[in-house]
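Please examine the structure below together with its sequence.

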Amino acid sequence: MAAAAVHVSGHDLVAVRYRDVDPVYAETRSIRLVGFMLFLISDCILFSAFIFAYIYLRTSAPTWPPMVDGHQLPWFDTSFAAMNSIVLFGSGVTMHFALENWKHLNKQKFNRWLIATIVLGIGFLLGQAHEYSVVGITWAGSTMGASFFTLTGLHGFHVFIGVCYLTILGIQANRGVYTGSKYFGLTAGTLYWHFVDVIWVALFFLFYLW
Amino acid sequence: MHAATSTTHEAHDVHDHIHPAPEGFVRKYVFSLDHKVIGFQYFFTGLLIMLIAGSFAELVRLQLTDPKGAIMSNTAYNEMFSMHGTAMVWLVLIPLVTGALGNFVMPLQIGARDVAFPWLNMVSFWIVPIAAILLFSSMLWGGPHAGWTEYPPVSLLDGTAGALWCAAIFTVGISSTMTGLNFMTTVIMMRAPGMTWTRMPLFVWATFATALMNMMATVALSAAVGALFLQHVFKVPFFDPARGGSPVLYEHMFWFYSHPAVYIFIIPAFGVISEVISTFSRKPIFGYKMIAFSSMAIAILSFTVWAHHMFPSGLAPWLQLPFMILTYAIGIPTGIKIFSWVATLWGGRIYFSTAMLYALGFLITFTFGGITGIFLASVPVDLHAHGTTFIVAHFHYVVAGGSVMGFLAAVPYWYPKATGRLMSERLGHIGFWLFFIGLNGTFMPMHWLGLEGMPRRYATYEYFAKAFPDAQFWNQFETGFSFLMAASIGLLAFNVIWSIKHGKIAGINPWGARTLEWTIDSPPPYYNFKKIPNVFDRPYDFDQPMPYRNTDNVVAPYPEYGAVVMAQPAGAGA
Amino acid sequence: MAHGTAPSPQQVRLKGLGPGFWSVTLVLTLISLANAWYFLFGSIDWIMPGSTNPVANVTYDIDGLFKFMAVFGGAICIYVTGYVIYFAIAFRARASDAPDAVGVPIHDAPTLEFWWTALPTLLLIVLTGLSIVVWYKIQFGVGSATGLTTEVIGHQFYFEFRYPGLKTSVFSKTEPMHLPLNVPVRVLITSSDVIHQFWVPEIRLKQAAVPGLVQNLNFTPLRSGTYDIVCSEFCGIDHSKMQGKLIIEPVAAFNKWLDAKKQAAAAGGGVVDLSGGTALAGKALFAQKCAACHQIAPFDQKLVGPGLLHITDDPAHPTLVTGQTPTSAHIAAILQNGFTGPIGTMPNAQANGLAGKDIANLVAYLTSLK
């Protein structure tokens, strides 16, 4: 079945595109997908280890925020972080649309949605930079600072890597590295970007809502 | 009889694509993507570091020949045992059993041309020498002093050396995680047509279970040493009680990895033992399914028992209970394996090759070490034994008497496949007896010395020698026997190198074994299999023909060479 | 490749379970019984010192567990080792075999596998139960209401012992720890610097001394004598030199010793010179010496001792624990002489290792916190 003039769902297009036509690529893609999912699982466990440390330190502290030099440290500003979170989750939505448009062979729309994702991702990072400057605690000063900066810093590092990754994907896509039927790199990038969102849900809850 | 048809797609285009051969010295031997070459690289790196770390252990043993400390200062001693443990765990054991054995053997046993991500595999190897440089360079600043565990706050006194230690461990952790991911994907996705999960060789099951632990647990170690590094360099107070941190937190994070780590050491050895015992008894492994599933059970349970390393260390009392119960529980699947292997010996036709000797020795020493582990699972007994040489004895019985023995069985077993030549059986036999006797002599007295009151990590033991006058004798006894072990490893290194030129030509299947690697040339071509074979049964039925179709070589279903060599008196080999 | 066309290989022909199987099993059983007899009725003093005459109540229980495990664990090792050696000999390949001879092609034996799973499981369940009983006794013991509570603080590289009502401490470098016979004791354990471990081998109990945490051990001494206290968690350069002595003695002798110590400590110090103290030095000293037990937080937020924030002007607590007004002089007096009150015992300057300008610096720091 060649590309039909009638609109079909992305899933059907995928099946048409390679599973039956190019079994070699189908197998390669499956292998890469399993490997990439395992990578994301191990990354989850990395965050979980630091989250365990944060929960342990927080539940064993006599007060929270902890006392430093006679003063209790300030709580975080939930409203700013909530706005920043919306920026990040928004970028997850835009990435979803970017990939969908790629599958539907709409390169221009793909580019627009990808750029929106990258811009929102950078926006999130800038928001975090602002948050770091106003939060009123230091990395080395308390266990609150230790856990907050280490966890959000690790997450921010992942976002930064993600922004670079998406930029490279965008350049590659426009150079023709990916086609309508072979675009595993874009799938991986999307999965990674969603993973970064999921981690942020956990961190936002743990630091700003709890 | 066996079904003549396979259940999945046959002669698939995907598998039969052979890449062009690598060219040039660098591509072939330095930055190789070939899992066999990478396996060699891990093997030689691990063996070299084993010689260095083993020498540190000998210095430790020499120091203990005198209760006042025979040859060095306390500081130097502390550095020696810390470097010995650190290097052995991360730069010797894990690279050898996962990187060397797993890499070389597993893809061959599943009928694949390579692992899922060859480039990642290459990077995973090259990280190990980098980590080794970081670790050994820490000795320029005095090295780590607080053992391979480097607990804060005392490890923070190690300064730059401590930070370098953290960096080295973090680095090698990346290699382990990537290897685990790589091997899991390979086993899940790249088995030959017809090789269902329950037709896989037991070494592949072992590699898979190990890869799962490697992938999931090592990142927790990265977090632990990463946080310790941050405290060293940036004073971030995760583990500083003066600023709300907790040293016990480090222990939790560290041991969450380090307990699965000890199963990472042993489960590949279990896999080797299964292969070796079956082959050299000429009968199927007893209880295949139980052995396969118990490996997975151990892998999963290993994540639930870490705090048994922390019973007297600041754990909330009510927490001790579940960890005690789960630690007992993990003894059951292990026991099942031991009994199954012993049952495999029953009614067999047993050939005493070097590999088989190590396997038999393993059954004795690993069982003993496992039983002392059961002693330690009980909180009340552990409250007495923790921190003493009883612990040192326990883990050396299971690690040296288990993991290392399994590795020493694997080397003569697969060396012929890797190089095309047999290792010297005579040197192998001598090496086995040196190792077995040396191991027991070195570590058996530590059991009672520890329970009598001799702590571990003690540079001097004058107080103990006063209370127990025969303490010095036993320590000297242990030191003497330790040199037997050292001689054995030295002999192994010699045998490996000597046999490359002078070993007997091995042929395709010297042992008459039945897994897929024994259907291709020795050494295998870079593409492993000309045609990917089809599998239609488990590889352990020695009274049946090999359960494959479409193999490269038409091998007789019965041993051509090994049995003849083993059965005939010396000098009459084919 | 061809399959199914080659002649069947020669198989092992077995009568029953093999030549001599039951004889070997009998021998192994006898050895296991001898092992059991030895551990149950023999003296294991050579491996568990003082086993025949337990030093504490828990010693007896722990040794009992050990013996139970030695009996059954030993039996497992004996059988496994014995069968490995016997099978290797009985079923060895012989020169007269055909080169393609194979062993008995058996894959499993469900009944056997059931029993070798069920019996060890049962054994481990019994062992778990026994361990829990002993565990409970050790962890929760007899409370300090009827017995004695003492404290042990780990330092690099000595132990510090503290007693109720005694303002000074006893240091393992110069003196032994004393405990009364037949009185249930709860030992509270912490550390001032790195992790140490308090272990008396002949009692069989150890517990970590962790900075920032207070752990406890519970036991009742049953036998007088002098015993070693050993640090068993690596704590630095002189870890191997960190030991002490424990004297267990009848109650009368113990009380006499303790009273003598209290009298010696009763002589207090003079007025402390507070000039020249700096808050900055005091802050550093506080983190090093005091933070293990005190937080800079409101009074009610105790770690071991009360919070010290606003010590000079806390409206909820207008006096110090001594009942005196919170002036610099009175704060200095507590630091100099220590104090024992409802919360516990605050060690004096000698116990805390305060010298020179230390008290002045600390007072300057504490009074600077607003």
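The model is a predicted one. Along the principal axes, the C-alpha trace of chain C spans about 105 × 60 × 35 Å. Of its 370 residues, 40% count as buried. Among contacts in chain C that join residues at least 6 apart in sequence, 69% link residues at least 24 apart.

The domain assignment divides chain C into domain 1 (21-140), domain 2 (148-266) and domain 3 (279-368). Between the C-alpha centres of domain 1 and domain 3 of chain C there is a distance of 58 Å.

Attention may now turn to a sheet in chain C. Five strands form an open sheet in the order E3-E2-E1-E5-E8, and the pairing is mixed. Strand E3 (170-171) and E8 of chain C are the edge strands, each of which pairs on one side only. In general, strands of a sheet pair through backbone hydrogen bonds, either parallel or antiparallel. Strand E1 (residues 148-155) and strand E2 (residues 158-162) of chain C run antiparallel and are joined by five bridges. In this region, C:His155 stands opposite C:Tyr158 in E2(C).

Strand E5 (residues 185-191) of chain C also pairs in the antiparallel sense with E8(C), over five bridges. Here C:Val185 lies opposite C:Phe219 in E8(C).

Helix H8 (residues 288-301) of chain B comprises 14 residues and reaches 20 Å from its first C-alpha to its last, close to the 20 Å expected at 1.5 Å a residue. Its buried residues are B:Tyr288, B:Ile291, B:Ala292, B:Ser294, B:Ser295, B:Ile298, B:Ala299 and B:Leu301. An α-helix has 3.6 residues a turn, so residues three or four places apart point the same way.

The interfaces complete the account. The contact between chain C and chain B takes 87 residues from chain C and 87 residues from chain B. On the side of chain C that touches chain B, helix H2 (57-90), helix H3 (110-140), strand E7 (205-209) and strand E9 (225-231) of chain C each supply at least two residues. By class, this side of chain C has 52 nonpolar, 23 polar and twelve charged residues.

Chain B also meets chain A, where 26 residues of chain A are in contact with 29 residues of chain B. Helix H2 (23-60) and helix H5 (143-174) of chain A each supply at least two residues of the side of chain A that touches chain B. Which helix gives the most to this side of chain A? H2(A) does, with 18 residues. By class, the side of chain A that touches chain B has 18 nonpolar, seven polar and one charged residues.

Terms used. Residues numbered from 1 in each chain as written. Chains lettered and ligands numbered in written order. Predicted model: local features only at pLDDT ≥ 70, side-chain atom pairs only at ≥ 80, totals over all residues. Contact = placed C-beta atoms within 7 Å. Helix = DSSP H or I, 4+ residues; strand = E, 2+ residues; numbered from the N terminus. Nonpolar A, V, L, I, M, F, W, Y, C, P; charged D, E, K, R; others polar. Domains from an automatic or database assignment. Pairing = 2+ DSSP bridges. Expected span 1.5 Å × (residues − 1). Buried ≥ 20, exposed ≤ 12 C-beta atoms within 10 Å, placed from the backbone.
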